[in-house]
Amino acid sequence: MKSSSPHKSVPRIIVIGAGAAGLPLVSTLGKALGKCASAEIILVDKNINHVWKPRLHEVASGALDEATDFINLPEHAEHYHYRFERGAVDRVDTEKRQITISEVNDESGNTTWPERKITYDHLVIAVGSRTNTWDIPDVDQHCFFLDGINHALSVRKRLTNIFLGAAKANRPTSIGIVGGGAAGVELCAEIARMAESISGTPLAKDPERKIQIHLIEGSEQLLPRLNQAYGEKFSSYMESLGIKLHLGFEVVKVTPDYILGYDGQTIPVDTMIWAGGILAPPWLAKIPGTATNAINQLTVDNRLRCNGVDRVYALGDCACVYDNGTEQLIPPRAQAAKQMADYLAQQLINSIHRTEDKSRFSYCDKGSLIAFSHYSSFGRVSSQLLGRTIAFEGAIAMLAYRWSYWQHHAAVRGYRAAIVHFLFKQLTKPKGLRLRLH
Ligand SMILES: Cc1cc2nc3c(=O)[nH]c(=O)nc-3n(C[C@H](O)[C@H](O)[C@H](O)COP(=O)(O)OP(=O)(O)OC[C@H]3O[C@@H](n4cnc5c(N)ncnc54)[C@H](O)[C@@H]3O)c2cc1C
């Protein structure tokens with residue numbers, strides 16, 4: 001076991017999690033503090049690559065490319081003046097101010113990164129969340145998930161195999177997606193696109209309908225966080241793509257062959273993907289001195305400091321944050337994660353420079369964007385100037401969706417690299433539909 005003691009000359013900031021919150025945070029801290037050696041910045045992640053989670057469904061469908069869309073963390077660390085440590089953290093000792101990173105083994109079982117204990121002066125927890133299965137029997141056993149890169153790649157492998165198998169053997173196949181939030185809806189549209197690549201005919205127009213896609217949602221509308229009018233609009237759009245909707249369907253059990261509802265109704269499926277609700281990692285509830293809510297999120301104050309412990313912060317999906325001065329919980333979304341990262345970066349920079357900063361975190365809901373693969377997109381933006389919400393769709397919404405991804409790239413790779421990335425993607429974009437076979 002390797003132990004790493006604090007670097008006494010400068011404060012050490014450890015960030016756990018290189019996701020939508022953690023990676024922009026270390027990018028800013030690395031440039032502002034790491035480069036001039038005002039602080040030592042360490043990023044820990046269980047994965048070696050980063051991909052922006054809102055586009056995981058496109059990794060699953062093969063629309064997003066590992067070679068150009070994944071960010072290699074050790075390489076990123078070199079450019080952004082921080083140290084990268086690979087491994088899963090599962091223990092934090094708040095008295096000793098120390099984290100434990102588990103060992104990492106390669107495919108042959110050889111240890112590539114040993115277990116490490118590292119002390120911190122400031123600790124930021126940004127480990128995100130996974131899908132909540134609500135303790136429904138056998139979901140873990142029979143369903144695929146979209147919680148990370150490896151999950152998305154497993155979904156891609158499975159979908160490719162069943163689609164090609166179904167085409168070759170001329171037999172029907174049925175896919176069930178549970179969860180009618182943004183992730184489930186966007187994933188369904190991507191799967192419809194994959195199905196179209198295989199048959200050459202849009203799913204809705206395929207007379208044989210050998211590929212069936214079922215979208216299952218417990219509440220009576222899709223995207224339950226949005227208002228009913230949007231729910232209805234999205235429902236008719238999904239149906240126009242040939243997706244069968246099951247709204248108000250409360251899943252009580254899954255088996256390898258079907259999904260069972262509360263009222264005894266069954267939906268026969270060969271492949272199930274669970275995409276509903278979030279749950280923060282259970283080990284967070286064991287961090288001494290901290291407080292967590294029912295879904296293991298760490299409760300924080302309005303400066304993102306974990307309640308009950310000193311110099312420990314939480315942000316993104318794993319944090320339970322109330323909007324400044326309200327009872328309103330901030331939703332687990334990428335834009336919230338990024339806003340928290342920007343706020344905390346400034347707080348930490350000021351703290352290291354001993355500049356007083358009493359500002360509080362305040363969330364600004366900039367709206368929502370839903371992309372239905374290459375078919376269409378919908379957007380909703382809150383305009384403070386006009387004092388109302390503006391809805392738009394089609395090419396403008398698609399551009400806005402790409403823009404949000406571009407902004408993430410600019411935040412973690414810099415504007416020049418983001419422009420080059422965007423141009424490269426445009427130039428190498430395949431014409432027509434495609435199915436990635438690897
Ligand atoms: C398919 C899908 C579509 C989505 N679409 C949208 C959308 O359109 N708009 C939107 O705003 N939001 C969307 N979201 C939600 C959004 O992705 C999350 O809210 C956001 O990624 C949260 O950021 P985060 O940094 O908290 O967590 P994440 O981005 O999940 O990052 C967590 C990081 O922590 C690492 N990690 C986890 N546990 C450990 C550990 N023990 N030790 C070390 N490292 C660890 C993980 O490897 C990961 O890199 C979507 C989510 C999904 C799954």
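Strand S12 (residues 122-125) is covered on both of its faces: His122 and Val124 on one side, and Leu123 and Ile125 on the other, are all buried. Please keep in mind that this is a predicted model.

- Strand S2 (residues 12-16) runs parallel to S12, and four bridges join the two.
- Within that pairing, Ile16 has Ile125 of S12 as its bridge partner.
- S12 is also joined to strand S24 (residues 312-314) by three bridges, again in a parallel arrangement.
- Here Leu123 stands opposite Val312 of S24.

**The shell around the ligand**

- The ligand is surrounded by 34 residues, and the closest are Gly17, Gly19, Lys53, Gly128 and Gly316.
- Sorted by class, this shell has 19 nonpolar, nine polar and six charged residues.

**Where the shell residues come from**

- At least two shell residues come from each of strand S3 (40-45), helix H2 (56-61), strand S7 (89-93), helix H7 (182-199) and helix H9 (334-352).
- Helix H9 gives the most, with three residues.
- Domain 1 (2-129 + 280-352) and domain 2 (139-274) each provide at least three residues of the shell around the ligand.

Key: Residues are numbered from 1 along each chain as its sequence is written. This is a predicted model: local features need pLDDT of at least 70, side-chain atom pairs count only at pLDDT 80 or more; totals for chains, interfaces and linings use all residues. A residue is buried if 20 or more other C-beta atoms lie within 10 Å of its own, exposed if 12 or fewer, and partly exposed in between; C-beta atoms are placed from the backbone. Two strands pair if DSSP finds at least two bridges between them. A residue is near a molecule or strand if its C-beta atom, placed from the backbone, lies within 6 Å of it. Ala, Val, Leu, Ile, Met, Phe, Trp, Tyr, Cys and Pro count as nonpolar, Asp, Glu, Lys and Arg as charged, and the others, Gly among them, as polar. Domain bounds come from an automatic or database domain assignment.
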